Amino acid sequence: MRIAAEDTKLTKTKSRWAEVGKFLTGQTSRPEDDRLPPGQHLVKNWPVLDLGQTPNIAPQNWRLDITGAVEFPTSWTWNDLMSAPQTSKVSDIHCVTTWSRYDNHWDGVTTHDLLDAVRPLPEVTHVLLTSNDGYTTNLALADFASPEAIIAHSWEGERLTLEHGGPVRLVVPHLYFWKSAKWLRKIEFATADHPGFWEVRGYHNHADPWLEERYS
Ligand SMILES: Nc1nc2c(c(=O)[nH]1)N[C@H]1C(S)=C(S)[C@@H](COP(=O)(O)O)O[C@H]1N2
Ligand SMILES: [Mo]
C-alpha cells in the first residue's frame, strides 16, 4: 500500500518533470525547444518574400547613403563596403509568416563597425532603412546596434542573390525578418521614430519573435 502510494506520487512527479524537461542537459533536447520561437516551424529551403519588385543593381552602381543625425554622413560605394572591416556571423531567420531557418552564414560589415564610422549624435533614437524597391522599415537604434546585426553581401560563402536582396541587405536576426531590409539603399539616423512599410500596415513596431510581436 505504502509503496504503491509512493509510486503513484513519484510517477506523477516524473511525468511533470518530463513535461518541463527537467534533467535535460541543455545540449540535447532543450535547445530545439529554446531555439524555435513560439508559433514558428522550421524550413530547410530559403523562401523569397518581398513586394514583388526585384531591383537589379550591379555592385559597381550600388550606393548606400548613410545620413541624418550623424557626425560623418557618407555614401558608401561597393569598394567602401568591401574596404570596411569584414565579419562573418551565423544566425537564425524568423519570418512573421511562421517559417524559421537555422544557421545562416553571413559575411559583411557589422552595424557596430558602421556606427563606429559615422558616429550617430547622442540624440539619435531610431534608424530608418530605405531600399531600392521603395520598401522602408524602422528600428530602434539599440536594435540596429545589436552585436549580431550585419550589413550582408554574402550568404553561405556566395554573393547574395538578387531575389534575397543582393548586392547588399541588412540582417537583424533577433527580430522578425521583415526588419531585415533587402536591396539596402539608405540608412537614416533619426531623433524620432518613423514607422516603415509594414509597420504602418498593422505589423508590430518592434517585432521580437520570442514575444510574438507579429501585429500591432
Ligand atoms: N527591400 C525589401 N526588403 C524586404 C522586403 C521587401 O519587400 N523589400 N520584405 C521583407 C520581408 S516581409 C521578409 S520576410 C524578408 C524576406 O527575405 P528573403 O526573401 O530573403 O527570405 O525580407 C524583408 N525585407
Ligand atoms: Mo516576412
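Start by selecting Thr67 and Glu188: Thr67 stands opposite Glu188 in strand E11 (strands are DSSP runs of E, at least two residues, numbered from the N terminus). You're looking at a predicted model, where local features need pLDDT of at least 70, side-chain atom pairs count only at pLDDT 80 or more, and totals for chains, interfaces and linings use all residues. Side-chain values use heavy atoms, with hydrogens and water left out, residues are numbered from 1 along each chain as its sequence is written, and chains are lettered from A and ligands numbered from 1 in the order in which they are written.

Pick Leu129 and you'll find its bridge partner in E11, Ile187.

Stay on E6, residues 126-131, and bring in E7: this pairing is antiparallel too, over five bridges. Click Leu128 here; its bridge partner in E7 is Asn138.

Time to zoom out. The five strands make an open, mixed sheet, ordered E3-E2-E11-E6-E7. At the edges sit E3 (74-77) and E7 (136-140), each pairing on one side only. From one strand to the next, the twist averages 15 degrees.

Last stop: select helix H4, residues 111-118, which packs on the sheet and touches E2 (63-68), E3 and E11 (184-190). Contact means heavy atoms within 4.5 Å, and a helix is a DSSP run of H or I, at least four residues. The direction of H4 makes about 60 degrees with that of E11; axes are lines fitted to C-alpha atoms, for helices over the stretch in contact, and angles run from 0 to 180 degrees between N-to-C directions.

Terms used. Two strands pair if DSSP finds at least two bridges between them.
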